[in-house]
Amino acid sequence: MRTGTSCVAGLLLVLGLGSADAAEVMVLGTFHFDNPGRDLINVETDDVLTKKRQAEIQAVVDGLAEFKPTKIAVELTPGHEASLNATYAAWRRGEHELTRNERQQLGMRLAAAAGHDRLYAVDVSVDLDFDAAFAAGGRAGQDKLLARLAQERESIMEIATAMQGPDLSIGESLRHHNGRIFDEGNGPYLLMAGLGSNDNPAGAEMVAQWYRRNLLIFANILRLIESDDERILVIYGSGHRAHLKAFVDQHPELTAVSPLDYLPEE
């Protein structure tokens with residue numbers, strides 16, 4: 001069921017620069033089950049605690065469990081990891097009801113299915129000043145670019161809303177969130193990089209922070225790998241997927257595994 005080694009890693013193997021035995025990393029992009037409203041694009045979702053959605057989530061967990069992850073990483077800063085694992089332990093003792101958050105609905109269920117005693121928090125907090133970037137574009141007279149970005153935002157909202165529609169199961173929605181659209185999801189950020197001027201490249205500075213955040217997250221993931229036998233499952237907001245997947249694909253000592261090989265097909 002696993003996908004092959006990335007093209008770059010495969011070339012390095014041919015050149016004798018890579019390793020045939022490589023740790024496996026699966027990046028599972030997901031929508032926020034309990035949307036906190038902190039993203040640039042926010043879409044309302046169904047209540048995942050209903051009986052129907054709970055059954056769908058269990059089907060997703062059953063499929064992903066076949067990957068047999070050795071560690072599960074989630075979108076949470078390391079400072080909150082102890083609290084996360086205390087909650088996980090309480091749930092396993094029957095003293096906690098899972099909340100709507102995907103860290104609990106997917107991460108904790110998968111950790112329990114794999115027999116893990118903990119999860120790993122790998123997020124990095126970075127301030128992205130979208131307002132400053134758009135204001136710089138206004139001062140630079142970039143009305144055409146600003147209009148294009150507004151159009152792009154509306155288009156993304158429509159696509160994201162369709163991907164999380166009430167007629168789609170959780171598994172179907174996650175298949176969309178791990179498909180081509182999110183694998184190639186850097187376009188809007190690259191458009192924003194042009195906002196501002198030579199003297200005030202506010203757009204590029206903001207986008208550089210976004211790239212920096214994802215690279216630091218990836219570095220935290222790398223530090224979880226202790227042997228070539230590791231199978232790391234990374235559960236993250238799908239807006240990060242393009243970067244994290246690309247980093248795994250291009251790393252000479254990692255094998256990328258696609259969630260599509262494990263998510264239920266309906």
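The following conversation walks through a predicted model of one protein chain.

Trainee: What does the chain contain in terms of helices and strands?
Mentor: The predicted chain has eleven helices and five strands. Of its 266 residues, 45% count as buried.

Trainee: What is the mean pLDDT of the chain?
Mentor: The mean pLDDT is 89, and 88% of the residues reach 70 or more.

Trainee: Where does pLDDT stay under 50?
Mentor: One such stretch is residues 1-6, for which the model has 18 contacts beyond four places in sequence. Over residues 37-42 the pLDDT is also below 50, and that stretch has ten contacts beyond near neighbours in sequence. Where pLDDT is low, the predicted coordinates should not be read in detail.

Trainee: Turning to the sheet, in which order do the strands come?
Mentor: The five strands form an open sheet in the order β3-β2-β4-β1-β5, and the pairing is parallel.

Trainee: And which are the edge strands?
Mentor: They are β3 and β5, the latter covering 254-257; each of these pairs on one side only.

Trainee: How many bridges link β1 and β4?
Mentor: Seven bridges link β1 and β4, in the parallel sense. As an example, T30 has G237 in β4 as its bridge partner.

Trainee: What about β2, which strands does it pair with?
Mentor: Strand β2 pairs with β4 (residues 231-237) over four parallel bridges, and K71 stands opposite I232 of β4. Two bridges join β2 to β3 (residues 120-121), again with the strands running parallel. There, A73 has Y120 in β3 as its bridge partner.

Trainee: Which way do the residues of β2 point?
Mentor: In β2 (residues 71-74), K71 and A73 point one way, while I72 and V74 point the other way; all of them are buried. In a regular strand the side chains alternate between the two faces of the sheet.

Trainee: What does V25 touch?
Mentor: Leaving aside residues up to four places away in sequence, V25 touches I225, I232, V234, V248, L254, T255, A256 and V257.

Trainee: New topic: at what angle do α2 and α7 pack?
Mentor: Helix α2 (residues 51-64) and helix α7 (residues 170-177) pack at about 55 degrees, with their axes 8 Å apart. The two helices are therefore oblique to each other.

Trainee: Which residues make that contact?
Mentor: From α2 they are R53, E56, I57 and V60, and from α7 they are I170, G171 and L174. By class, the contact has four nonpolar, one polar and two charged residues.

Trainee: Is I170 itself buried or exposed?
Mentor: I170, in helix α7, is buried, because its relative accessible area is 4%. Not counting residues up to four places away in sequence, I170 touches F31, F33, V48, R53, E56, I57 and V60.

Trainee: How far apart are the C-alpha atoms of I170 and R53?
Mentor: They are separated by 6.9 Å, although the two residues are 117 apart along the chain. Across the chain, 81% of contacts between residues at least 6 apart in sequence join residues at least 24 apart.

Conventions. Residues numbered from 1 in each chain as written. Predicted model: local features only at pLDDT ≥ 70, side-chain atom pairs only at ≥ 80, totals over all residues. Heavy atoms only, no water. pLDDT = per-residue confidence, 0-100. Contact = heavy atoms within 4.5 Å. Axes fitted to C-alpha atoms, helices over the stretch in contact; angles between N-to-C directions. Parallel < 35°, antiparallel > 145°, perpendicular 65-115°, else oblique. Nonpolar A, V, L, I, M, F, W, Y, C, P; charged D, E, K, R; others polar. Buried < 20%, exposed > 50% of the residue type's maximum accessible area, 1.4 Å probe, protein only. Pairing = 2+ DSSP bridges.
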